[in-house]
Amino acid sequence: MMNIKILENRINRVVNLYDNLEELINNLPISLPDGAQEQIKKMIFGNKDINNVISSLKDRRPPRFFMVGRTGVGKSSLINAILGKYAARTSPIKIGTNQVQRYNYESDGRVLFEVMDTRGIAESTNNQNTVAEDQLKEEIEKFDPDAVMFLTNATERARMDEDVEYIKQLYKDIDREIPLVTVITHVDNVEPSRIKENYTDSKIRNINEKKLQMENLLKKFDLNCSAVIPVSAYIEWNSEDPHQLDSEAQKKLHIEFDGRYNIEALLDFLETNMDFKASVYLMMMTRVDKAIKKIADKITSAFAAGSAAVGISPIPFSDMAILIPLQLILITTIAYLSGTDISKESAKEFLISFSGIGIFGYGLRVLAQQGSKLLNLVLPIAGSAVSSVIAFSGTLAIGKGAIAYYIDKKSKDEVEDIMKEASKDGKDKFSE
């Protein structure tokens with residue numbers, strides 16, 4: 001498994017590329033017409049998709065989760081299951097109501113998650129609750145959560161209507177678009193409860209029935225929940241009472257039995273729906289081996305969107321004078337993410353090798369014929385207009401090909417197939 005420090009170093013190298021973009025452009029294996037460099041920098045820094053990805057990599061931060069659920073629903077166990085290790089609560093933050101807790105999960109001096117926990121609020125029915133809800137609204141605005149996790153126990157049904165009504169009112173009060181995921185916990189206790197791994201068809205059917213019941217309840221209350229995800233956070237550690245250990249002993253705990261279920265689906269939802277600054281950090285803390293590819297996919301999509309803009313933007317050069325440098329920068333970025341020390345010659349050779357696919361229709365098939373005999377790619381100064389759909393699908397294919405080649409270590413034939421499929425998908429997607 002990749003070390004998180006290795007991933008951090010690779011991401012930092014990518015950030016440094018863009019901090020020194022002018023130097024990168026100067027080292028590209030192409031002859032640019034006068035003024036093209038400034039146009040390329042403008043296309044990159046001025047494109048919100050590209051700029052958002054790079055700034056998010058630079059400013060990555062711990063995710064902020066707002067968790068709602070009754071006592072014993074398994075919030076701490078869920079955090080441990082997400083992390084894949086035992087994480088004790090640390091750094092509590094006192095706020096205005098004793099019905100709300102804020103704290104950080106930390107490891108080795110690094111904040112992993114920031115959590116706001118509303119333990120007890122939904123269970124209280126006294127008159128003080130009105131004041132508490134006003135305070136809660138204020139604290140949520142300060143906390144600025146990336147996602148709300150509404151946790152409900154799969155084996156309990158009492159007062160569920162009341163809990164859903166509470167969530168609906170909460171969203172109405174805060175009046176903000178925050179991703180909401182309903183997490184059905186303790187599905188390992190769904191019948192047959194003795195089965196804690198390798199779930200049978202019968203157990204899965206029962207779990208899906210619990211999911212359907214919750215979806216219908218949310219629909220009944222007209223609560224627009226982004227997803228309902230049933231999970232098990234069941235883990236047996238190499239200590240029967242890990243919560244009684246000191247922090248140093250907790251760091252040494254390891255999983256003896258792993259009964260987790262569907263945690264990957266929950267992570268997929270969070271990573272897809274959260275702010276990318278938090279999403280990057282979450283991937284780094286939980287699925288470091290998958291983080292590289294997910295980041296590369298995000299960068300590829302951003303560059304494809306940026307390339308599409310070239311086809312509709314009036315520029316004083318040929319479209320190729322902007323598109324080819326953008327594609328070379330994309331290739332270099334993905335190579336850096338993979339840990340490859342790519343040279344300008346190897347970046348050029350990659351682009352030329354697959355030019356018949358990645359830039360098909362650009363009038364550059366001659367590059368494939370000339371191959372690496374060309375010391376530099378000589379780009380025309382005028383003419384050669386490219387449609388947005390071709391620019392988008394071609395750059396998408398180049399990015400997907402670079403991911404397959406540098407990160408997945410695919411063969412040339414496999415890369416070609418992946419690029420052809422990506423080009424087709426890009427055209428279909430752009431036409432939607």
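This is a predicted model: local features need pLDDT of at least 70, side-chain atom pairs count only at pLDDT 80 or more; totals for chains, interfaces and linings use all residues.
Numbering starts at 1 along each chain as its sequence is written. Local features need pLDDT of at least 70, side-chain atom pairs count only at pLDDT 80 or more, totals for chains, interfaces and linings use all residues, and side-chain values use heavy atoms, with hydrogens and water left out.

There are seven aromatic pairs here, where rings of Phe, Tyr and Trp (its six-membered ring) pair if their centres lie within 6.5 Å, with planes under 30 degrees apart called stacked, over 60 edge-to-face and the rest tilted. One of them joins Tyr 86 and Trp 237, edge-to-face, with 5.6 Å centre to centre and 90 degrees between the planes. That pair links distant parts of the chain, 151 residues apart: Tyr 86 is in the loop between helix H5 (75-83) and strand S3 (89-93), and Trp 237 is in strand S9 (residues 232-237). Helices (H or I, at least four residues) and strands (E, at least two) are DSSP runs, numbered from the N terminus. Both Tyr 86 and Trp 237 are buried (under 20% relative accessible area, 1.4 Å probe, protein chains only).

| Lysine | Ring | Distance to ring centre |
|---|---|---|
| Lys 196 | Tyr 234 | 5.3 Å |
| Lys 203 | Tyr 199 | 5.1 Å |

Now the helices. The axes of H13 (residues 320-338) and H17 (residues 388-407) come within 9 Å and cross at roughly 25 degrees, with axes being lines fitted to C-alpha atoms over the stretch in contact and angles running from 0 to 180 degrees between N-to-C directions. H13 and H17 are therefore roughly parallel (angles under 35 degrees).

Note on methods. Buried means under 20% relative accessible area, exposed over 50%, partly exposed in between (1.4 Å probe, protein chains only). A charge sits over a ring if NZ of Lys or CZ of Arg is within 6 Å of the ring centre and within 35 degrees of the ring normal. Angles under 35 degrees count as roughly parallel, over 145 as roughly antiparallel, 65 to 115 as roughly perpendicular and the rest as oblique.
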